[in-house]
Amino acid sequence: MKRREFLLGSGAAAGALGLGGYSLAAGSGAAQELTIQSASFALRNQVTTGMVSLSPDAPPPVLYGRQGEVMRLPVRNTLPDYTAMHWHGMRIANEMDGVPYLTQMPMAEGELFPYEFTPPDAGTYWYHPHCMTMEQMAHGLTGVMVIAEPEDPGFDSEQVINLRDFRLDEDGAFLPAYTARGATRAGTFGNVQTANWLDTPTYEHIAGGLVRLRVVNTDTTRIYKLHLQAGAARIIAWDGHPVEIDIAMPRADEPLLVGPGQRVDFAVVMPNDEGEAVELMAKLPGQPHRAMARLRAVGASVSRNLQELKPLPVNPAARPDLANAELHEFVFGWTPEGTVPNNGFCGSLGYNFWSINRKPWPGDAAQDVGPLATLQLGKSYVLRLRNESPNLHPIHLHGLAFVPIKSNQRQLPPLMTDTMLLLKDEVVEIALVADNPGDWAFHCHVIEHQKTGLTGFIRVV
Ligand code: C2O
Ligand code: CU
Ligand code: CU
């Protein structure tokens, strides 16, 4: 946020809606079409072409909505490939979930899908395609959604940081996003790290002010190890949902693991002195800690402190009844037979290597494949997730929120989420209320794993 915008805005909510994204709250008249198109952008020194965004020369915008108010997001596909748009973390109606063949037909070139839903929860969410997923995400189409609380939580300003890599050659051209080696291991990593498509951008915020920093990992592969170099800060939300307990702030030697698809919101007090900065730091393998983005203090100090913030209102996601929950088990690992073919639809790689419950997903458009589990609407469940591979898997469930209840390796805070990062050989139990009917995709968010078999769906009836 620029200082000028800060000075023009009155309070966080007004400021948030003036950040240059779309405001799509109810009553805003005809909704603006979101056009999936090819784009060019200077990710480093040279212009990279063949990117995918919602405008010809800029990253996908932050989409703003308000809890409990309808959002109309008509999406048009102008690419020659099929696509469908998914709203990650949103507990919305199944037919708006954007999963090809499961909840809608993929959109061909020229087609429009009139997505429309009312976010039940406030918080930080994101959007990305779910067909040609790797091709379109790796080329740029990953954007952040901010759903505002009905009442202004009292920040002076806010900052969205969309973290992701690109895989480029020396001339700024895309390298292949997939490698066979990566797909069977931890995934294929990008070599150009960005925040909002920029190389360590600096954003100005009022000195001494309270900033809500929303960090989103939209990468196709990388598990970020983050910490914040700040005087005073607190984690206030995780994967969209308010954190109701005290969570230790990550440090350089104990960073926070944020897997693909995950989000963390910090409340940050800006330094009092003009020009001083707060830095969002990441540890990448084989490199020293690196600043991904900076918040620079500007203007006369307002001397706010964290105690002035009221807790964020809890989202209306139901808490599971553990005493009456039924257990279902899921095993994530390689296929028992090694590499087997899949149908290659929607950008699946044509072969499977990964599986859930030892059955690889045969590919999108596999109508003959049943659900991994069928849950009764309104009942509570415990899902036991077992990782029998040496690689980490951010396991994501659409349409429902869940809470981790135990792990065989660590203490897990009971934070409401939609994506659980499974460590090597870890077994985690998560609990949920099956309160949203439909077929909900359930997959690893390392896209190469998803596209080589580590996916399926859970049915709620
Ligand atoms: Cu973030 Cu199935 O998606
Ligand atoms: Cu999702
Ligand atoms: Cu995985």
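Two strands pair if DSSP finds at least two bridges between them. Keep that cut-off in mind for these exercises on a predicted model.

**Exercise 1.** Find how many bridges join strand β6 to β8, and which strand pairs with β8 over five bridges.

*Solution.*
- Start with β6 (residues 85-88): four bridges join this strand to β8, and the two run antiparallel. With at least two bridges needed, the pair counts.
- For a landmark, take H86, whose bridge partner in β8 is H128.
- Next comes strand β9 (residues 143-148), which pairs with β8 over five bridges, again in the antiparallel sense. Here W126 has V144 of β9 as its bridge partner.

**Exercise 2.** Decide why β8 is described as largely enclosed.

*Solution.*
- Count the buried residues in β8 (residues 123-129): seven of the seven qualify.
- The strand is therefore largely enclosed by the rest of the structure.

**Exercise 3.** Work out the strand order of the open four-stranded sheet and which strands stand at its edges.

*Solution.*
- The order reads β3-β2-β5-β7, with mixed pairing.
- β3 (48-53) and β7 (112-117) each have a single partner strand, so one side of each lacks a neighbour in the sheet.
- From one strand to the next, the twist averages 35°.
- Inside the sheet, β2 (residues 34-41) and β5 (residues 71-77) pair in the parallel sense over three bridges; I36 is bridged to N77 in β5.

**Exercise 4.** Identify the residues that touch the most other members of the largest nonpolar core.

*Solution.*
- Among its 123 residues, these are M145, I161, V268, M270, I430 and L432.
- Domain 1 (9-308) and domain 2 (322-460) each supply at least three residues to this core.
- Beyond four places in sequence, contacts of I430 include L383, F402 and M420.

Key. Residues numbered from 1 in each chain as written. Chains lettered and ligands numbered in written order. Predicted model: local features only at pLDDT ≥ 70, side-chain atom pairs only at ≥ 80, totals over all residues. Buried ≥ 20, exposed ≤ 12 C-beta atoms within 10 Å, placed from the backbone. Core = buried A, V, L, I, M, F, W, Y, C linked by C-beta atoms within 7 Å. Domains from an automatic or database assignment. Contact = placed C-beta atoms within 7 Å. Axes fitted to C-alpha atoms, helices over the stretch in contact; angles between N-to-C directions.
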